[in-house]
Amino acid sequence: MIISNRRITGLTAEVIAELVSEVGPLWHERHQARLASRPRKRAVGAGAKHRLVFVDRLLATLVHLRHAVTHDVLACWFGVDRSTITRAIGEVRPLLAERGCTVSSDVRLRSLAEVIDHLGASGTTGIIDGTEIRVRRPAAGRKDRDKFISGKNKQNAVKSMVVTDGEGRVLWCSPTQPGSCADITHARQLELVKLLTDGPAVEILADAGYQGLGAQTGGRVVTPPHRKFKKNAPDWYEEMHERQRKAHSSRRIRVEHGIAHLKNWRALARHLGRREHMSDIVQAIAGLLSYQQTADRIPAQQM
């Protein structure tokens with residue numbers, strides 16, 4: 001029932017089967033290493049046995065990310081204790097985040113440098129934009145309490161930079177930063193300027209929040225046209241500026257579509273858990289979404 005219905009997990013049965021074959025051995029390997037790393041007080045094979053097999057652990061994680069279902073509800077659904085679900089999600093989610101974004105059956109992008117190289121090799125245009133995810137307000141008395149307040153939305157949030165191609169397919173999501181961090185500051189912290197100046201010739205479209213990166217990257221970051229006349233602009237200039245602005249906006253809008261697909265996963269609409277888990281959540285969902293987008297374009301026998 002869960003596997004066959006894409007509305008529950010956001011993924012097709014074929015993609016889930018691929019995830020089981022790929023992530024399952026990694027989970028089993030880490031689980032055995034964790035058991036071997038601590039001193040044993042029982043014989044090998046003794047003690048309580050797992051009541052939740054890996055497939056169910058993966059499904060519980062997918063449902064939690066897709067619909068933000070609480071651990072208590074998932075525990076009742078799978079017939080186990082709540083702590084079992086919490087431990088399962090905590091183990092599977094980092095494995096999904098480490099997979100990276102799937103561009104084709106043999107290409108995975110796990111870092112911004114790999115994304116820039118991929119765009120340069122394929123000759124495609126990249127689009128960047130920042131997205132905010134609401135999070136719980138930090139406890140009173142914390143020194144860094146105010147840094148999570150977004151200046152744009154006036155809410156407690158964390159921010160991630162999303163990179164898509166010209167068709168809106170998600171290529172990468174950055175680790176999260178507090179909501180008070182500006183988009184251009186976040187891009188500089190990710191060394192986007194250095195990667196573009198030292199790397200291949202790539203065109204990156206961005207909104208006005210990244211104004212200034214174009215001059216630093218030799219024109220490789222393209223932002224909306226700067227308005228030269230603030231008052232009493234000639235009619236011909238108004239028409240030209242509006243035409244250029246709309247042309248840029250119509251190309252850049254694809255990244256908004258990619259972000260909208262990400263926000264369909266309820267864990268990115270508003271997160272009520274621990275803020276330090278947000279980087280794994282964003283990167284896990286980006287990888288799952290890109291994998292499904294790739295599977296939708298490539299016939300199943302080629303995957």
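1. Leaving aside neighbours within four places in sequence, Q292 is in contact (heavy atoms within 4.5 Å) with R6, G10, L11, T12 and V15. Q292 is found in helix α11. Helices here are DSSP runs of H or I with at least four residues, strands are runs of E with at least two, and both are numbered from the N terminus. Q292 counts as buried because its relative accessibility is 3%. Buried means under 20% relative accessible area, exposed means over 50%, and partly exposed is in between, with a 1.4 Å probe and protein chains only.

2. This is a predicted model, in which local features need pLDDT of at least 70 and side-chain atom pairs count only at pLDDT 80 or more, while totals for chains, interfaces and linings use all residues. Residues are numbered from 1 along each chain as its sequence is written, and side-chain values use heavy atoms, with hydrogens and water left out.

3. Overall figures. The protein has 11 helices and 8 strands, and 45% of its 303 residues count as buried. The C-alpha trace spans about 85 × 55 × 35 Å along the principal axes. Among contacts in the protein with a separation of 6 or more, 65% are between residues 24 or more positions apart.

4. The largest nonpolar core holds 54 residues, and L19, F78, I85, L96 and L262 touch the most other members. Helix α11 (residues 278-297) contributes the largest share of this core, 10 residues. Apart from it lies another core, of 22 residues, including I116, I184, A187 and I204. A nonpolar core is a set of buried Ala, Val, Leu, Ile, Met, Phe, Trp, Tyr and Cys residues joined through side-chain atoms within 4.5 Å.

5. What does I85 contact, leaving aside its neighbours within four places in sequence? The list is L52, A60, H71, L74, A75, F78 and V80.

6. Helix α4 (residues 71-78) packs against helix α5 (residues 82-98) at an angle of about 105 degrees, and their axes are 8 Å apart. The axes are lines fitted to C-alpha atoms, for helices over the stretch in contact, and the angle runs from 0 to 180 degrees between N-to-C directions. α4 and α5 are therefore roughly perpendicular to each other; angles under 35 degrees count as roughly parallel, over 145 as roughly antiparallel, 65 to 115 as roughly perpendicular and the rest as oblique. From α4 the contact uses H71, D72, L74, A75 and F78, and from α5 it uses R82, I85, T86 and I89. By class these are 5 nonpolar, 2 polar and 2 charged residues. Ala, Val, Leu, Ile, Met, Phe, Trp, Tyr, Cys and Pro count as nonpolar, Asp, Glu, Lys and Arg as charged, and the others, Gly among them, as polar.

7. In helix α6 (residues 112-122) the buried residues are L112, V115, I116 and L119. They lie on the same side of α6 because they cover an arc of only 100 degrees around the axis, the arc being that of the directions from the helix axis to the C-beta atoms. An α-helix has 3.6 residues a turn, so residues three or four places apart point the same way. The cover over the buried residues of α6 includes β2 (107-109), β3 (126-134), β4 (157-165), β5 (170-173), α8 (192-198) and β7 (204-205). Just after α6, G123 takes a positive phi of about 70 degrees.

8. Which residues other than glycine have a positive phi? A68 has a phi near 55 degrees, and E191 has one of about 65 degrees. Most residues other than glycine have a negative phi. A68 lies in the loop between α3 (54-67) and α4, and counts as partly exposed at 38% relative accessibility. E191 is in the loop between α7 (183-189) and α8, and is partly exposed at 48%.

9. K147 sits in the loop between β3 and β4 and is partly exposed, at 37% relative accessibility. Not counting residues up to four places away in sequence, K147 touches P178, G179 and S180. Its C-alpha atom is separated by 9.5 Å from that of V158, 11 residues apart along the chain.

10. S250 is found in helix α10 (residues 235-263). Is S250 buried or partly exposed? S250 is partly exposed, with a relative accessible area of 48%. S250 and V222 are 28 residues apart in sequence and 13 Å apart in space, C-alpha to C-alpha.
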